[in-house]
Amino acid sequence: MGMRFDGAARARQGEAVPDRILPAIGYRLLSVLAFTTMGAMIKIAETRGAGLAELLFFRQALALPVVLAAVVLGPRLATLRTQRLPAHILRTVIGLTSMSFMFSAVILLPLAEATTLQFTVPIFATILGAVVLREPTGRHRWGAVIAGFIGVVIVAQPGSGHIPLLGAAVGLTAALMSAMVSILLRHIGKTEPATTTVFYFSVLSLVPLTPLFLMSVGAHDEWTWALLVLIGLTGGIGQIGMTNSLSLAPVAVVVPMDYSGLIWATLYGWVLFSVLPTAWTWVGAPIIVASGLYIVWREHRLRRAVTNVAGE
């Protein structure tokens, strides 16, 4: 892990650091498994009486030791100094809102459908980049956006009762908020190490979550408390895995690994809840995945073209 953070530091100093594709893919796959496992435990804990505030509190509070351990073993505590506290506060507000919607979607929807809707993040990121940041977006990416939303309509089947419309709306809102976070992280990442951003998100989010937790905490059996602890630990592991993957390889390489989450979500849904995705989900999900992959590939290709021109 120390080598990983040393490489990130050298990259920030302008030194060339070769991509480490296989470790990056491994970290990303671990991250996806951890986050999907966390989602399954969220559904179980909620059925055992855990409320949203408790779920969010344990997700952040128990992830903090994992993040601190990664910092101590890697770039050291000195890297936690920051001159961009307002940006971290804004990231925390948007991130907590996104996480609240994401957890709610997991509670309201079958795991596979909740996971599929989260695949629309690249689609929303493209829209936000064009509308808010005025980034140039050609017909190719707009075509992928339209295709992605056709996939969403196929999965949701509005008016059919296939999945709860409230759940679908919450899931899409979660994806929109996640896209906002990803755009904000682009700017923060220009000056801040990824672990610093993760650390401040964990710490600052406990400011509102702690009083909410104390006001809503209930009496649970030992298995429910254990689930809440595991939600935080798996969330922390997922966060570190995702951060490491992005430091070792380009986004276009690691992001496609996210779609393996549908396999785990389907497996957990079948084994733990006796629920399998419907035929419409299997029709719409590949369309959403294909549109997201195309957007990521197109952006990667355009960035390479710009880099090559700048280097000439």
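**Exercise 1. Identify the buried residues of helix H3 and state what they pack against.**

Step 1: The buried residues of H3 are Ala53, Glu54, Leu55, Leu56, Phe57, Phe58, Arg59, Gln60 and Ala61, where buried means under 20% relative accessible area, exposed over 50% and partly exposed in between, with a 1.4 Å probe and protein chains only. The model is a predicted one, in which local features need pLDDT of at least 70 and side-chain atom pairs count only at pLDDT 80 or more, while totals for chains, interfaces and linings use all residues. Residues are numbered from 1 along each chain as its sequence is written, and side-chain values use heavy atoms, with hydrogens and water left out.

Step 2: Because nine of the ten residues of H3 (residues 52-61) are buried, this helix is largely enclosed by the rest of the structure. Helices are DSSP runs of H or I with at least four residues, strands are runs of E with at least two, and both are numbered from the N terminus.

Step 3: The buried residues of H3 pack against helix H2 (21-47), helix H4 (63-73), helix H5 (85-108), H10 and helix H11 (222-248), contact being defined as heavy atoms within 4.5 Å.

**Exercise 2. Describe the largest nonpolar core and the surroundings of Ile231.**

Step 1: A nonpolar core is a set of buried Ala, Val, Leu, Ile, Met, Phe, Trp, Tyr and Cys residues joined through side-chain atoms within 4.5 Å. The largest one has 50 residues, and those with the most contacts inside it are Ile42, Leu55, Phe57, Phe103 and Ile231.

Step 2: Helix H10 (residues 194-216) supplies the largest share of this core, namely eight residues.

Step 3: When residues up to four places away in sequence are not counted, Ile231 touches Met38, Met41, Ile42, Ala45, Leu55 and Arg59.

Step 4: A second, separate core of seven residues includes Val121, Ala125, Leu128 and Ala179.

**Exercise 3. Classify the crossing of H2 with H11, and that of H7 with H8.**

Step 1: Axes are lines fitted to C-alpha atoms, for helices over the stretch in contact, and angles run from 0 to 180 degrees between N-to-C directions. The axes of H2 and H11 come within 7 Å and cross at roughly 155 degrees, which means that H2 is roughly antiparallel to H11; angles under 35 degrees count as roughly parallel, over 145 as roughly antiparallel, 65 to 115 as roughly perpendicular and the rest as oblique.

Step 2: By class, the contact of H2 with H11 has 18 nonpolar, eight polar and one charged residues, where Ala, Val, Leu, Ile, Met, Phe, Trp, Tyr, Cys and Pro count as nonpolar, Asp, Glu, Lys and Arg as charged, and the others, Gly among them, as polar.

Step 3: For H7 (residues 121-131) and H8 (residues 139-156), the axes come within 9 Å and cross at roughly 135 degrees, and H7 is therefore oblique to H8.

Step 4: The contact is made by Ile123, Phe124, Thr126, Ile127 and Ala130 of H7 together with Arg141, Trp142, Val145, Gly148 and Phe149 of H8, and these residues divide into seven nonpolar, two polar and one charged.
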